[in-house]
Amino acid sequence: MADAPVAPATSPSAASEGKAPRTERGRKTLRAILDAAAVEFGERGFHDASVSGITRRAGVALGSFYTYFDSKDAVFRALVRDMSDQVRDRVAPAIRAAPDQIAAERAGLREFVAFVRGHKEIYRIIDEAEFVDPASFKLHYATTAERIAARLKAGAERGEIRSDVSEVHAWAIMGMNVFLGLRYGVWEEDLTLDTIADTVAEMLARGLAP
């Protein structure tokens, strides 16, 4: 069973330039628009989605949308960053709490798949970003890989994993996690989170042993 979802925080920088909310009410409206955009883009795709569909789902006036975003393209770009931030914020506490590096990778994967099960639309949104906003698409994966590489390096320095870990290892782990999320988070949920995480942790423990 997936963990209960936690309401995501919203960075004021998610809004278009010069349109960041200045009040708590504004931040809640921005959050509502982003959440509605995730559903609209996830169900209809970028080209068929509409600003009016987003505002209808969010329960806000059309003018409220343009208070924070310049266009449909702008909210899509913001949404890609927001989804990436949500994944980071979901997995980070579990990774920090892990006793060693293999346990950290296990925890990160477990929390990622749990997140995907509650946000299946993330795959369609990120995939479409490759064509709608290639820079955001590349940034999403590049920053994720950088975070993985940094924590692998730290684990190697502590002697918990092999000393020659590199960017290749980071991208390999990220790629594995992405496709495990697709198979066991989006397509079907026929294995428990712990079964998935334990299987991968055992494989990593052998492959990354110091």
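A residue counts as buried here when its relative accessible area is under 20%. The structure shown is a predicted model.

**View 1. The annotated domain, residues 27-87.** UniProt, in an unreviewed entry, places the feature "domain: HTH tetR-type" at these residues, 27-87. The span is 87% helix and 0% strand. Its end C-alpha atoms lie 20 Å apart.

**View 2. The ring pair Phe41 and Phe76.** The structure holds six aromatic pairs. One of them joins Phe41 and Phe76, with 5.1 Å from centre to centre and 85 degrees between the planes, an edge-to-face arrangement. Phe41 belongs to helix 1 (residues 24-48) and Phe76 to helix 4 (residues 72-97), so this pair ties together parts that are 35 residues apart in sequence. Phe76 has a relative accessible area of 0% and is therefore buried. Phe41 is buried as well, also with a relative accessible area of 0%.

**View 3. The ring pair Phe46 and Phe76.** The ring centres of Phe46 and Phe76 are 5.2 Å apart and the planes stand at 75 degrees, so this pair is edge-to-face. Because Phe46 lies in helix 1 and Phe76 in helix 4, the contact ties together parts that are 30 residues apart in sequence. Both Phe46 and Phe76 are buried.

View 4. Phe41, Phe46 and Phe76 are linked into a cluster by ring pairs. At Phe46, the charged end of Lys72 sits over the ring, 4.5 Å from the ring centre.

Definitions and conventions:
Residues are numbered from 1 along each chain as its sequence is written. This is a predicted model: local features need pLDDT of at least 70, side-chain atom pairs count only at pLDDT 80 or more; totals for chains, interfaces and linings use all residues. Side-chain values use heavy atoms; hydrogens and water are left out. UniProt positions are given in the numbering used here, feature names are shortened, and annotations may be inferred rather than shown by experiment. Helices (H or I, at least four residues) and strands (E, at least two) are DSSP runs, numbered from the N terminus. Rings of Phe, Tyr and Trp (its six-membered ring) pair if their centres lie within 6.5 Å; planes under 30 degrees apart count as stacked, over 60 as edge-to-face and the rest as tilted. Buried means under 20% relative accessible area, exposed over 50%, partly exposed in between (1.4 Å probe, protein chains only). A charge sits over a ring if NZ of Lys or CZ of Arg is within 6 Å of the ring centre and within 35 degrees of the ring normal.
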